[in-house]
Amino acid sequence: MKTTASKRLFSEAQQYIPGGVNSPVRAFRSVGGQPLFIKRAKGCRLYDVDGNSFIDYVLSWGPLILGHAPASVVKAVMQAALKGTSFGAPTELEVRLARMIVEAVPSIKEARLVSSGTEAVMSAIRLARAYTNRDAILKFEGCYHGHSDYLLAKAGSGLATLGLPDCPGVPADFTRHTLTAPYNDIKTVQRLIQRHHRNLACVIVEPIAGNMGVVPPAAEFLPALRELTREHGVLLIFDEVITGFRVHYGGAQSLYGVTPDLTCLGKIIGGGLPVGAYGGARQIMRLVAPVGPVYQAGTLSGNPLAVTAGIKTLEALQAPGVYQKLDARAAELSEGLGAAAKKAGIPLTRTRVGSMVGAFFTKGPVVDFASAKQSNTQAYAKFFHRMLEKGVYLAPSQFETAFLSTAHTASDIAHTIKGARAALRNL
Ligand SMILES: *Cc1c(COP(=O)(O)O)cnc(C)c1O
């Protein structure tokens with residue numbers, strides 16, 4: 001595979017941008033080698049600056065559920081741009097997106113639009129603290145909720161990839177308020193809530209963990225969290241930045257029938273442009289400024305470009321059968337990988353919810369961050385590079401999710417499985 005142009009750009013990038021990237025996992029550190037610079041993409045295909053092309057399972061880390069540059073989204077964004085990219089004043093479009101979110105997500109009666117998942121979560125936590133008048137929060141090991149200070153404790157995503165337990169620059173005074181428990185471990189949650197509930201504002205969870213690889217919730221986990229938090233006046237926050245509109249039009253909360261107090265969204269609701277949102281019951285949301293005293297603002301929040309991409313994406317997801325089709329394709333992929341691994345004699349633990357596909361290089365079972373970390377990351381790195389050679393672009397880390405889009409066809413999946421069969425041989 002030719003990588004001359006990518007190598008040249010990466011060495012230039014490193015002179016001007018820390019590590020040559022604007023988000024750490026992009027740098028390929030955990031799998032070795034150098035990142036590929038992408039020139040363009042269409043459907044499920046990425047094209048790099050050296051003329052290589054790949055079937056993409058990263059999809060910009062989740063937002064692109066319709067694939068790259070879907071005509072309906074691109075056309076609408078271009079038309080919106082001609083009318084102005086941001087006004088710093090209300091528009092009809094942002095009302096439409098907020099309404100679509102409220103109509104789709106059971107827990108959300110009012111939503112505030114922001115520009116990233118990080119902002120959505122940070123604001124939801126502030127709101128939970130204000131509403132309960134308590135400071136502590138409880139999160140789960142290996143879950144990632146953006147890069148705000150007190151959420152970087154034992155976090156997934158890039159921190160898991162780079163093996164960073166915590167983050168310098170975050171005062172111990174901040175993380176003092178962050179309690180952590182293993183994912184799926186309701187006993188520990190019970191113990192922590194019993195001990196701390198007088199000062200516990202919220203429990204925040206990825207209802208399907210997607211930032212330590214894919215770790216689905218055990219059957220009783222989310223209902224038990226709901227019950228325990230309600231019992232103690234603690235708010236339950238679902239971080240559905242990945243799962244919102246991904247596993248079901250109404251998010252993981254609709255899939256599992258568990259309704260949190262607050263929900264955070266991002267990724268898909270921006271259709272590939274920067275959008276996040278947080279929302280919940282009216283009585284909580286009414287604490288947000290200008291109605292209430294909890295301040296939260298944004299220069300570009302709800303801008304017409306990003307909101308248009310979100311609206312068009314959600315409209316496409318309302319078509320009948322979209323989620324069934326995604327689910328079927330993802331099942332084919334996961335089963336194909338399983339069969340290939342079995343044939344090669346490689347222990348592979350597969351996890352999947354809808355179009356979120358996980359595969360850990362370990363015997364398993366994988367139920368939390370500790371068991372996810374049993375994966376042989378060297379084997380993953382080798383697999384990753386062999387798949388690149390076969391024209392398949394996976395996440396450059398074991399601890400991420402493979403996403404499918406509506407643009408992936410049966411033949412793309414077949415090609416991927418064929419590549420995996422060869423890549424897993426003699427791994
Ligand atoms: C991606 C992600 C975030 C952060 O969103 P950004 O838009 O990258 O700030 C938060 N929570 C979860 C679960 C995510 O996957």
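These legends accompany close-up views of a predicted model.

**View 1. The largest cavity in the predicted model.**
Rolling a probe the size of a water molecule over the atoms shows where empty space is left. The structure holds 2 cavities of 30 Å³ or more. The largest has a volume of about 240 Å³. Its lining counts 22 residues, and those closest to its centre are Val357, Ala359, Tyr380, Leu394 and Ala402.

**View 2. What lines the largest cavity.**
Three elements each supply at least two lining residues: α12 (322-344), β12 (356-360) and α14 (377-389). The strand β12 gives the most, with 4 residues. Sorted by class, the lining of the largest cavity has 15 nonpolar, 6 polar and 1 charged residues.

**View 3**

**View 3. The shell around the ligand.**
Which residues are around the ligand? They are Ser116, Gly117, Thr118, Tyr144, His145, Gly146, Glu206, Asn211, Asp239, Val241, Ile242 and Lys267. By class, the shell divides into 3 nonpolar, 6 polar and 3 charged residues.

Thr118 uses its side chain, where an N or O atom is 2.6 Å from a ligand oxygen. Lys267 also has a side-chain N or O atom by a ligand oxygen, at 2.7 Å. Taken alone, the ligand exposes 380 Å², and the protein buries 83% of that.

**View 4. The second largest pocket.**
The volume of this pocket is about 310 Å³. It is lined by 18 residues, and the closest to its centre are Glu94, Leu113, Gly298, Ser301 and Gly302. The lining of the second largest pocket divides into 7 nonpolar, 9 polar and 2 charged residues.

Most residues other than glycine have a negative phi, and most peptide bonds are trans. The bond from Ala289 to Pro290 is cis, with omega near 15°. Pro290 is found in the loop between α10 (282-285) and α11 (304-317). A cis peptide bond also joins Gly364 and Pro365, where omega is about 0°. Pro365 lies in the loop between β12 and α13 (369-372).

**View 5. A positive phi at Ala69.**
Is phi positive or negative at Ala69? It is positive, at about 45°, although Ala69 is not a glycine. Ala69 sits in the loop between β3 (53-56) and α2 (71-82).

Note on methods:
Residues are numbered from 1 along each chain as its sequence is written. This is a predicted model: local features need pLDDT of at least 70, side-chain atom pairs count only at pLDDT 80 or more; totals for chains, interfaces and linings use all residues. Side-chain values use heavy atoms; hydrogens and water are left out. On a 1 Å grid over the protein atoms alone, a cavity is a set of points where a 1.4 Å probe fits but cannot get out, and a pocket is an open set with protein on both sides within 12 Å along at least five of seven lines; lining residues have an atom within 4 Å of a point. Grid points are joined across faces, edges and corners, and a volume is the space filled by probe spheres set on the points. Ala, Val, Leu, Ile, Met, Phe, Trp, Tyr, Cys and Pro count as nonpolar, Asp, Glu, Lys and Arg as charged, and the others, Gly among them, as polar. A residue is near a molecule or strand if one of its heavy atoms lies within 4 Å of it. A polar contact is a pair of N or O atoms within 3.5 Å; within protein, one must be able to donate a hydrogen and the other to accept it, and residues adjacent in sequence count only if both atoms are side-chain atoms. Accessible areas come from the Shrake-Rupley method with a 1.4 Å probe; for residues, only the protein chains shown count as cover.
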